[in-house]
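Visitor: I would like to take a close look at one single part of this model, and I would be glad of a slow, connected explanation.

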Amino acid sequence: MTYAEEDFIMISALQHYSFCERQCALIHIEQIWVENRATVEGKIMHERVHEEDRESRGDVRIEYGIPLRSLKLGLVGRADMVEFHRLDKDSWQPFPVEYKRGKPKVDHCDLIQLCAQAMCLEEMLSVSIPSGAIFYGRTRRRLDVSFDDSLRQETEDAAEKTHQLITSGITPPPVYEKRCESCSLMGECLPKTIQKRRSVKTYLTRIIGES
Ligand code: SF4
């Protein structure tokens, strides 16, 4: 199965979905996006990367801001940076590198985003890409990422579920968790307030039903 172009979603939506379904819906269905210090710093970091065009360092060629798409996954986006490592006189191995402001996370949302970029490049260039890396601004280190079968399956599942969520047009209710403290949409989502209101409503509905 392949997706029609009008059904494409942003690669970044997979990262948002894997972090929190509600965050994905708020951004990609309700078009809510709030700038805060973290998002502005992230944006500046990406803009700095995209200011470059291309460069060469020995046997590595570097391309910045390459447009990406996958008909199979129904994705569109842009790669921060793709290194092309020379294999021999005529062939080069692509190696995508994504820039993130923070530090490595316990969940797989950043890995899924990078793997989706790699799968787009594979489809576009008809090559196989075994690995890439994420550069984290806070630790100033690269995290090497292997695109193994399990991460590829996770990425395909995330793409399918993100499509379903965005097509449904329904924003799921909030569930307050630790991740909410680092969410840029905490002020718009109001997870604690809405969850409390919902539990009061459920309680009243139950009491009324029992009487
Ligand atoms: S505040 Fe929490 S529930 Fe709301 S969008 Fe962010 S992570 Fe999701």
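Visitor: Does Asp-110 count as buried or exposed, and at what relative accessibility?

Guide: This is a predicted model, in which local features need pLDDT of at least 70 and side-chain atom pairs count only at pLDDT 80 or more, while totals for chains, interfaces and linings use all residues. Residues are numbered from 1 along each chain as its sequence is written, and side-chain values use heavy atoms, leaving out hydrogens and water.

Asp-110 has a relative accessibility of 2% and therefore counts as buried (under 20% relative accessible area, with exposed over 50% and partly exposed in between, for a 1.4 Å probe and protein chains only). Asp-110 belongs to helix H4 (a helix is a DSSP run of H or I with at least four residues, numbered from the N terminus). The side chain of Asp-110 has a polar contact of 2.6 Å with the side chain of Lys-105 (a pair of N or O atoms within 3.5 Å, one able to donate a hydrogen and the other to accept it), and another, of 2.7 Å, with the side chain of Tyr-136. If neighbours within four places in sequence are set aside, the residues in contact with Asp-110 are Gln-15, Lys-100, Lys-105, Ile-134 and Tyr-136 (heavy atoms within 4.5 Å).

Helix H1, residues 11–19, packs against helix H4, residues 109–125, at an angle of about 155°, and their axes lie 8 Å apart (angles run from 0 to 180 degrees between N-to-C directions). H1 and H4 are therefore roughly antiparallel to each other (over 145 degrees; under 35 is roughly parallel, 65 to 115 roughly perpendicular and the rest oblique). On the H4 side, Asp-110 is one of the residues that make this contact, together with others including Ile-112 and Gln-113, while the residues of H1 include Ile-11, Leu-14 and Gln-15.

Because 7 of the 9 residues of H1 are buried, H1 is largely enclosed by the rest of the structure; among the buried ones are Leu-14, Gln-15 and Phe-19. H1 also packs with helix H2, residues 21–28, at an angle of about 140°, with axes 5 Å apart, which means that H1 is oblique to H2. In that contact, Ser-12, Ala-13, His-16, Tyr-17 and Phe-19 of H1 meet Glu-21, Gln-23, Cys-24, Ile-27 and His-28 of H2.

Technical notes
Helix = DSSP H or I, 4+ residues; strand = E, 2+ residues; numbered from the N terminus.
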